Amino acid sequence: MALQEKYKELIDTATAQGVNNLNVREQDGILYIDGDASGSVKQQLWDTYERLDPNYSSGDLVMNINSIAGVTEGSKLKVTTNSSNLNIRSGPSTDADIVGKAARHEVVTLVSKANDQWWEIKTDDGEAGYSYTQYLTPL
Amino acid sequence: MKNLTMKTTAFLVALAMMAAAFTGCKSEPKDDAVKAAVETALLGNPHIAGASVVVEKGVATLSGQVPDDATKADIDKTVASIPGVKSVVNNIAVVADTPSVAVAQTDMLTNAVKDATKDFPTVTATVNDGVITLKGEIQKTNLQKLMMALNALKPKKIDNSQLVIK
């Protein structure tokens, strides 16, 4: 219960912002928070988390707010890398060959979701393959 | 006459076996690729992270433990639908008090952590019993992005106490 107190503001915000399938439980001294929400709510929760635990250094929370749950095939996604191009690979792993690239801020189309970390996409000029979802933002 | 017939037969058998082997190689995804595809699918489902898989000649053998029969059946269905999986041998144990927090199996988690840290070459990550331990250094501006990616992988815990944040 102590951890739920420490992160009370975070849990309250998640509830207030209508996070779907919100699941909060504690095990072995670590708090686990799971749920689905939009990208902006996810960002808000992460900023709150950082404020409550600067640099996330306590290591007592694992928070997985999924901002991509509702995105359907055919959706448009924007490439949101820090500064570089996004690699398009032949398979859902960084071990797979790079078969193409999408530029930062380019808009691509979702073909299918392999899992939460890797999606199959295609670009307007026909390049297709798997990219890391960390750098794909639904429009 | 007898020797010639036997030699011919042996040659034909060898040829047939080679043909069969080549056909096998070309038309089916290799076991490694199938294993990776199964692990990918398992990692993505929040309810079924308690399983691990070995694939041999298209037969996927599952092990691990989950808290109930429904979860075990769900995993079976998911794995059976992966292209390249010919059949599923489900040796997953149903143990009633399996922890409610699903933690990804070490192999899958290690591979996923490798992908997540690829863009942060100054960070090294090791995985042990579901705990991700980070060392090395990272720019403060990149820390949130890295933590977001790692938190999504269903670890038991992330220890960044040894990570230098610049």
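Visitor: What should I know about how it was made and numbered?
Guide: It's a predicted model, where local features need pLDDT of at least 70, side-chain atom pairs count only at pLDDT 80 or more, and totals for chains, interfaces and linings use all residues. Residues are numbered from 1 along each chain as its sequence is written, chains are lettered from A and ligands numbered from 1 in the order in which they are written, and side-chain values use heavy atoms, with hydrogens and water left out.

Visitor: What ipTM and pTM does the predictor give the complex?
Guide: The ipTM is 0.82 and the pTM is 0.66.

Visitor: And chain B, what pLDDT does it average?
Guide: Chain B averages 83, and 82% of the residues score at least 70; pLDDT is the predictor's confidence in each residue, from 0 to 100.

Visitor: How many helices and strands in chain B?
Guide: Five helices and seven strands, in the order α-α-β-β-α-β-β-α-β-β-α-β. These are DSSP runs numbered from the N terminus: helices are H or I with at least four residues, strands E with at least two.

Visitor: Ile132(B) sits in E6 of chain B. Buried or exposed?
Guide: Ile132(B) counts as buried because its relative accessibility is 0%. Buried means under 20% relative accessible area, exposed over 50%, partly exposed in between (1.4 Å probe, protein chains only).

Visitor: What does Ile132(B) touch?
Guide: Not counting residues up to four places away in sequence, its contacts include Leu109(B), Val113(B), Leu150(B) and Ile158(B). Ile132(B) and Val113(B) are 19 residues apart along the chain, with their C-alpha atoms separated by 8.1 Å.

Visitor: Switching to Arg89(A), buried or exposed?
Guide: Arg89(A) is buried too, at 7% relative accessibility, and belongs to strand E5 (residues 86-89) of chain A. Leaving aside neighbours within four places in sequence, the residues in contact with Arg89(A) include Asp97(A), Trp118(A), Tyr130(A) and Lys118(B).

Visitor: Which residues have the most contacts inside the largest nonpolar core?
Guide: Met63(A), Leu134(B) and Leu150(B), in a core of 53 residues. Helix H5 (residues 140-151) of chain B gives the most to this core, with six residues. A nonpolar core is a set of buried Ala, Val, Leu, Ile, Met, Phe, Trp, Tyr and Cys residues joined through side-chain atoms within 4.5 Å.

Visitor: What does Met63(A) contact?
Guide: Leaving aside neighbours within four places in sequence, Met63(A) is in contact with Leu10(A), Ile33(A), Leu45(A), Trp46(A), Tyr49(A) and Asn151(B).

Visitor: Last topic, the second largest pocket: how many residues line it?
Guide: The lining has 28 residues, with Pro92(A), Ala33(B), Ala36(B), Ala37(B) and Thr40(B) nearest the centre. On a 1 Å grid over the protein atoms alone, a pocket is an open set of points where a 1.4 Å probe fits, with protein on both sides within 12 Å along at least five of seven lines; lining residues have an atom within 4 Å of a point.

Visitor: Which element gives the most to that lining?
Guide: H2(B), with ten residues.

Key:
Contact = heavy atoms within 4.5 Å.
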